[in-house]
Amino acid sequence: YRPRPWLGFRVGKVKTVLGLFTDSQDMDFANTFALMPQSVYPIDLRDASIAHEGGDIYGKERLSHNLGSVAYTAYGGRRADNMHSGYPYLLTGIAGITLSTYGGPVFGGDFRWNPPVRGLTVGISRLNEMITGKGSYNGFLGIPAQPNYWEKSKHDWTNQYYGRLVKEKFHAESEYRRYLRDQTIFSGITWVETDVRGWYVGGGYTVDKWLELGSYYSHYRIIPSGGPGIASSYPDAQLHDYDKAVTAKLTLNKYTTVKVEGHFMDGNGTALYPAGFYANVNPNGFANNTNALVVRTGFSF
């Protein structure tokens with residue numbers, strides 16, 4: 001319900017407005033890349049940030065003195081993670097913890113400005129979470145087994161800053177995200193802090209109506225710390241993932257797109273938090289460098 005341009009309401013399961021693309025990353029036809037920059041839009045953590053069950057207050061207003069326009073969104077609700085991906089899946093491989101539930105209240109907001117420069121958008125987002133996980137622990141790490149395992153966040157927040165410029169056939173964007181997670185784990189026995197810094201710069205150019213070329217550099221770095229029993233030193237490859245990507249997006253007709261994309265990754269960022277690499281499916285360990293070819297087909301109607 002939107003009684004005024006500057007005041008609207010959404011209620012239900014609502015896409016979370018966080019940065020440029022969180023609420024639109026599922027619109028494959030609208031995005032240049034097969035995989036969005038994973039330092040800011042990790043696909044294995046998609047369900048942790050893409051939507052919340054709750055409500056938004058939002059609006060948009062033009063500024064006087066020819067200063068452009070501003071838009072805002074404030075939201076609150078709850079989120080719940082899939083138990084078969086992301087952080088719950090990570091725990092089964094590195095700690096022997098099987099979660100049955102993981103989620104909790106979330107609240108935050110987004111503020112963006114369209115200055116009097118055609119095609120330019122800049123903004124800032126904030127997300128706060130109060131997350132609780134429940135399940136069981138099998139004693140894999142030497143800590144006594146816990147059939148009623150729990151963990152919960154002391155601090156869990158994300159700050160995101162972004163800018164985008166669109167000029168005719170060309171677009172360029174960049175974002176910086178800091179994610180801080182301070183979590184009590186092993187049913188209160190110890191704690192872990194995960195400080196993730198991610199940013200990217202990228203863009204694309206539409207050659208003609210059926211071909212767009214794009215590229216980005218994605219920089220992911222993790223700074224781990226924790227209480228007794230939490231390792232404090234990791235090989236450097238486990239603390240970062242620097243990804244260079246090149247893409248060709250083919251629009252075959254108004255319904256069908258095909259994206260062919262190459263990735264050249266330095267590091268795997270596996271220290272304490274998901275970064276696309278999992279011990280569950282890498283029993284021989286992780287390589288320091290990974291190359292990947294991604295082909296993605298999308299249909300819209």
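The questions and answers that follow concern a predicted model.

User: Which residues lie nearest the centre of the largest cavity?

Analyst: The largest cavity holds about 270 Å³ of space. Its lining draws at least two residues from each of α1 (46–49), β5 (120–129) and β8 (170–185). By class, the lining has 10 nonpolar, 4 polar and 3 charged residues. Of the 17 lining residues, those nearest the centre are Pro42, Leu45, Arg177, Tyr179 and Tyr273.

User: How do the residues that line the second largest cavity divide by class?

Analyst: The second largest cavity has a volume of about 40 Å³. Its lining includes Thr16, His52, Arg79, Val106 and Glu129. The division of the lining by class is 5 nonpolar, 3 polar and 2 charged.

User: Which elements give two or more residues to the lining of the second largest pocket?

Analyst: The second largest pocket contains about 300 Å³ of space. It is lined by 18 residues, and Gln38, Asp241, Met265, Ala275 and Gly276 are the closest to its centre. The elements that give two or more residues to this lining are β10 (211–226), β11 (240–251), β12 and β13.

User: Is the ring pair of Tyr89 and Tyr278 stacked, edge-to-face or tilted?

Analyst: By the pairing rule, the structure has 11 aromatic pairs. The ring centres of Tyr89 and Tyr278 are 5.2 Å apart. Planes under 30 degrees apart count as stacked and those over 60 as edge-to-face. The planes of this pair stand at 55°, so the pair is tilted.

User: How many residues apart are Tyr89 and Tyr278, the pair that links distant parts of the chain?

Analyst: Tyr89 belongs to helix α2 (residues 86–94), whereas Tyr278 belongs to the loop between β12 (256–266) and β13 (289–299).

User: Is Tyr278 buried, partly exposed or exposed?

Analyst: Buried means under 20% relative accessible area. Tyr89 has a relative accessible area of 24% and is therefore partly exposed. Tyr278 has a relative accessibility of 7%, so Tyr278 counts as buried.

User: Over the ring of which residue does the charged end of Arg181 sit?

Analyst: One aromatic cluster is formed by Tyr87, Tyr102, Tyr179 and Tyr273. Elsewhere in the list of such contacts, Arg10 lies over the face of Tyr58, at 3.8 Å from the ring centre. The charged end of Arg181 sits 4.2 Å from the centre of the ring of Tyr87.

User: Which elements are included in what covers the buried residues of α2?

Analyst: The buried residues of α2 are Gly86, Tyr87, Pro88, Leu90 and Leu91. Just after this helix, Gly96 takes a positive phi of about 70°. The cover over the buried residues of α2 includes β4 (97–114), β7 and β8.

User: With which residues is His155 in contact, leaving aside its neighbours within four places in sequence?

Analyst: His155 lies in strand β7 (residues 146–167). Its relative accessibility is 46%, so His155 counts as partly exposed. Once the neighbours within four places in sequence are set aside, the contacts of His155 are Leu180, Arg181 and Asp182.

User: What is the phi of Asn66?

Analyst: Most residues other than glycine have a negative phi. Asn66 lies in the loop between β2 and β3, and its relative accessible area of 61% makes Asn66 exposed. Asn66 is a residue other than glycine with a positive phi, near 60°.

User: What is the relative accessibility of Glu168?

Analyst: Glu168 lies in the loop between β7 and β8. Although Glu168 is not a glycine, its phi is positive, at about 50°. Exposed means over 50% relative accessible area. Glu168 counts as exposed because its relative accessibility is 84%.

Conventions. Residues numbered from 1 in each chain as written. Predicted model: local features only at pLDDT ≥ 70, side-chain atom pairs only at ≥ 80, totals over all residues. Heavy atoms only, no water. 1 Å grid on protein atoms, 1.4 Å probe; cavity = no way out; pocket = protein on both sides within 12 Å on 5 of 7 lines; lining within 4 Å. Points joined across faces, edges and corners; volume = space filled by probe spheres on them. Helix = DSSP H or I, 4+ residues; strand = E, 2+ residues; numbered from the N terminus. Nonpolar A, V, L, I, M, F, W, Y, C, P; charged D, E, K, R; others polar. Buried < 20%, exposed > 50% of the residue type's maximum accessible area, 1.4 Å probe, protein only. Contact = heavy atoms within 4.5 Å. Phe/Tyr/Trp six-rings, centres within 6.5 Å; stacked < 30°, edge-to-face > 60°. Lys NZ or Arg CZ within 6 Å of the ring centre and 35° of its normal.
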